[in-house]
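Look over the sequence and the model before reading on.

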Amino acid sequence: MRHPSAFAALCVGTLALCGVAPAYADTSGGGGATYVATPKIKKVVCLRKCASKGRAQAGSTIVLKGTAFTGANEVNFHGSYGESDDASVRVRSGSDRRVLARVPVGAISGPISIATGDGVSSPLSRPVAILPPPPPEPNTELSPVPGVSAMETGTSRTKAYVGARKAVTFSFRLSGATPASLSVELVRASDGTAVRTWAPEGVVPGEVNSVSWDGRLGKSAARAGRYSFRLTTASADGSRATSAQTGEIQRDAFDLYDHIFPVRGRHDFGGANADFGSGRSGHSHQGHDVFAKCGVPLVAARGGRVQYAGYHGAAGNYMVIDGAGTSVDYAYMHMVSPSPFRAGDRVYTGQRIGEVGETGNAVGCHLHFEMWGAPGWYEGGDPFDPLPSLRAWDGWS
Ligand SMILES: [Zn+2]
């Protein structure tokens, strides 16, 4: 269970996608199955525009070395747990053993795979470290748009979390003539798509206007990654002005993350005994222990509904949150005091839920943290190793 969801995602449906070698794909459209070798990634190195120490970041060119790459046309970056942080990029096949790929904005550390046009995907590679792109430039006060004299814009934050209470707010002020039309677009950096558009009415030059976004697209949580706001005006004579050019990923931009690291203070991930699966009397450890001083604030890594809050002789004060928009339940144990929440309460991502403690069967102050896959915590799901996710969240929050 190194990477359960990505593996599950690859293994839904056809055998050919399950990385079972050799795979067969019907390419003839009417004849028998044609043998297609399963590509396999053996090594990934950063070639160009790398971050420090040759590590990859968004925009870097990486080299995949392996076998059976002929026909490969897509590289998938699986990130941490779940599909919401996955990213992919189209590639031109290089040779059977070597392919170049550009790391897309939004790709985060984790295993990668390569897929052919026939729908055959390689097994997951070893995790590849991908440093985040340079953060967006903070622009929390209105500032003039370079080269556009009649426009000022600002964005309230450069980091946002899915399911958080605080929305991202984009503000703008125009000067000069009243525009004939005006729109604000939310642009996803990974592919340049405007995923949301607002058309504020009654905009008067000289006044500050704003739109807010809560991290949702329709009823679903948006994919993690970089987004930016783009204001476009058109005057009566048809001339247009825009606050950001295509490909802009800095101005009025922010990064949307799907989780926040739950321990909000100095911490460490403990020794082998802290690991998922390590031995306990009569059972194995179902979570990972994160050590921090007692009293360090704990926040919900992902918001949702409180499934359970109470006291248990081993777990101490603990609570379980059914993560909104995920198939995961999150358990927090050994908290100093009983949770202020009750089953059924809504909790936002990043909302304080308690403090690190050592209640119950705990040696030293720590958070015992569990993640359970569908259908959930003691509802038929199974716990899985949360450490890769914890490390990823710790990297950005
Ligand atoms: Zn533990």
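How many bridges pair strand 3 with strand 5, and in which sense? Seven bridges pair them, in the antiparallel sense. This is a predicted model, where local features need pLDDT of at least 70, side-chain atom pairs count only at pLDDT 80 or more, and totals for chains, interfaces and linings use all residues. Residues are numbered from 1 along each chain as its sequence is written, and side-chain values use heavy atoms, with hydrogens and water left out.

**Terms for strands**

- Strands are DSSP runs of E with at least two residues, numbered from the N terminus.
- Two strands pair if DSSP finds at least two bridges between them.

**Sheet 3-5-8**

- Three strands make up this open sheet, in the order 3-5-8, with antiparallel pairing.
- Strand 3 (40-48) and strand 8 (98-102) each have a single partner strand, so one side of each is left without a neighbour in the sheet.
- The twist averages 25° from one strand to the next (axes are lines fitted to C-alpha atoms, and angles run from 0 to 180 degrees between N-to-C directions).
- Strand 5 covers residues 61-67. Its Thr67 stands opposite Lys40.

**Asp96 in its loop**

- Asp96 lies in the loop between strand 7 (87-90) and strand 8.
- Its relative accessible area is 35%, so Asp96 counts as partly exposed (buried means under 20%, exposed over 50%, partly exposed in between, with a 1.4 Å probe and protein chains only).
- Asp96 touches Gly66, Thr67, Ala68, Phe69 and Thr70, not counting residues up to four places away in sequence (contact means heavy atoms within 4.5 Å).
- The C-alpha atoms of Asp96 and Cys365 are separated by 52 Å. Along the chain, Asp96 and Cys365 are 269 residues apart.

**Sheet 11-12-14-17**

- Four strands form this open sheet, in the order 11-12-14-17, and the pairing is antiparallel.
- Strand 11 (139-145) and strand 17 (208-213) stand at the edges. Each has a single partner strand, so one side of each lacks a neighbour in the sheet.
- Neighbouring strands of this sheet are turned by 20° against each other on average, direction ignored.
- Strand 14 (residues 168-174) runs antiparallel to strand 17, and six bridges join them. Ser171 stands opposite Ser210 in strand 17.

**Strand 15 and its partners**

- Strand 15 (residues 181-188) is largely enclosed by the rest of the structure, because seven of its eight residues are buried.
- Eight bridges join strand 15 to strand 20 (residues 225-234), and the two run antiparallel. Ser181 stands opposite Ala234 in strand 20.
- Five bridges pair strand 15 with strand 16 (residues 193-198), again in the antiparallel sense. The bridge partner of Arg188 is Thr193 in strand 16.
- The hairpin of strand 15 and strand 16 has four residues between the strands. There, Gly192 takes a positive phi near 75°.

**Zinc site**

- His285 (NE2), Asp289 (OD) and His368 (ND1) coordinate the zinc ion at 2.0 to 2.1 Å (donors are N, O and S atoms within 2.8 Å of the metal, or 3.2 Å for Na, K and Ca).
- Water is not among the atoms, so sites may look incomplete.
- Along the chain, the donors follow the spacing H-x3-D-x78-H.
- Asp289 in strand 25 (residues 288-291) and His368 in strand 32 (residues 366-372) are 79 residues apart, and the pair links distant parts of the chain.
- Asp289 is buried, with a relative accessible area of 5%. His368 is buried, with a relative accessible area of 7%.
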